[in-house]
Amino acid sequence: MTSPNLLILYVENALESARFYKTIFGVAPLIQSPGFVSLRFDNGLGLGLWATSSPEFVSGGTGYRGEIAIVVDEDAQIDRLHEEWSAVGVAIEQPPFTAAFGRTFVALDPDGHRIRVCPPDK
């Protein structure tokens with residue numbers, strides 16, 4: 001079964017947001033760059049903080065925006081899910097590409113909510 005295990009919040013400043021979440025949750029970032037910061041909690045849930053000013057950020061939405069993320073271990077799994085979902089008519093907002101954190105793509109649910117498939121933080 002494929003299960004969501006990562007939440008991504010779109011932020012103005014990823015590093016500033018990381019400081020905030022580190023302060024309130026006491027969790028240090030696993031990955032930290034000006035455009036993206038990743039945190040992992042003891043329960044296994046991940047929180048990604050993605051700067052909307054990052055050149056890798058692509059979204060046609062406005063206002064409150066976020067993603068449901070599904071983390072998979074291998075690039076081949078990411079490509080396979082993209083092919084499977086495309087074949088059954090799932091809308092793809094961003095086809096597979098390699099971002100700062102690894103291979104990824106974005107699908108849309110019927111209401112336009114983003115579903116990102118990506119690798120685990122290393």
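This is a predicted model: local features need pLDDT of at least 70, side-chain atom pairs count only at pLDDT 80 or more; totals for chains, interfaces and linings use all residues.
Residues are numbered from 1 along each chain as its sequence is written, and side-chain values use heavy atoms, with hydrogens and water left out.

Eight strands make up an open sheet with mixed pairing, and their order across it is E2-E3-E4-E1-E5-E8-E7-E6. Helices (H or I, at least four residues) and strands (E, at least two) are DSSP runs numbered from the N terminus, and two strands pair if DSSP finds at least two bridges between them. The edges are taken by strand E2 (31-32) and strand E6 (91-99), each of which has a single partner strand, so one side of each is left without a neighbour in the sheet. Helix H1 (residues 14-25) packs on this sheet and touches strand E1 (6-11), E2, strand E3 (36-40) and strand E4 (46-51), with its direction at about 150° to that of E4. Helix H2 (residues 75-87) lies across strand E5 (66-71), E6, E7 and E8, and runs at about 20° to E7. These angles run from 0 to 180 degrees between N-to-C directions, the axes being lines fitted to C-alpha atoms, for helices over the stretch in contact; contact means heavy atoms within 4.5 Å.

Five residues lie between E3 and E4 in their hairpin, where glycine 44 in the turn has a positive phi of about 95°. Because four of its five residues are buried, E3 is largely enclosed by the rest of the structure; here buried means under 20% relative accessible area, exposed over 50%, and partly exposed in between (1.4 Å probe, protein chains only).

Proline 34 belongs to the loop between E2 and E3 and, at 66% relative accessibility, counts as exposed. Once neighbours within four places in sequence are left aside, proline 34 is in contact with Ala14, Leu15 and Ala51. Proline 34 and leucine 15 are 19 residues apart in sequence, while 6.1 Å separates them in space, C-alpha to C-alpha.

E7 itself is mostly covered, with five of its seven residues buried. The hairpin formed by E7 and E8 has five residues between the strands, and glycine 112 in its turn has a positive phi of about 90°. Apart from neighbours within four places in sequence, histidine 113 is in contact with Ala107 and Leu108.

On a 1 Å grid over the protein atoms alone, a cavity is a set of points where a 1.4 Å probe fits but cannot get out, a pocket is an open set with protein on both sides within 12 Å along at least five of seven lines, and lining residues have an atom within 4 Å of a point. Grid points are joined across faces, edges and corners, and a volume is the space filled by probe spheres set on the points. The largest pocket has a volume of about 190 Å³ and is lined by 14 residues, of which Arg65, Gly66, Gly112, His113 and Arg114 lie nearest its centre. E5 gives the largest share of this lining, three residues. The structure also holds one cavity of 30 Å³ or more, lined by Leu6, Ile8, Phe36, Phe101, Cys118, Pro119 and Asp121.
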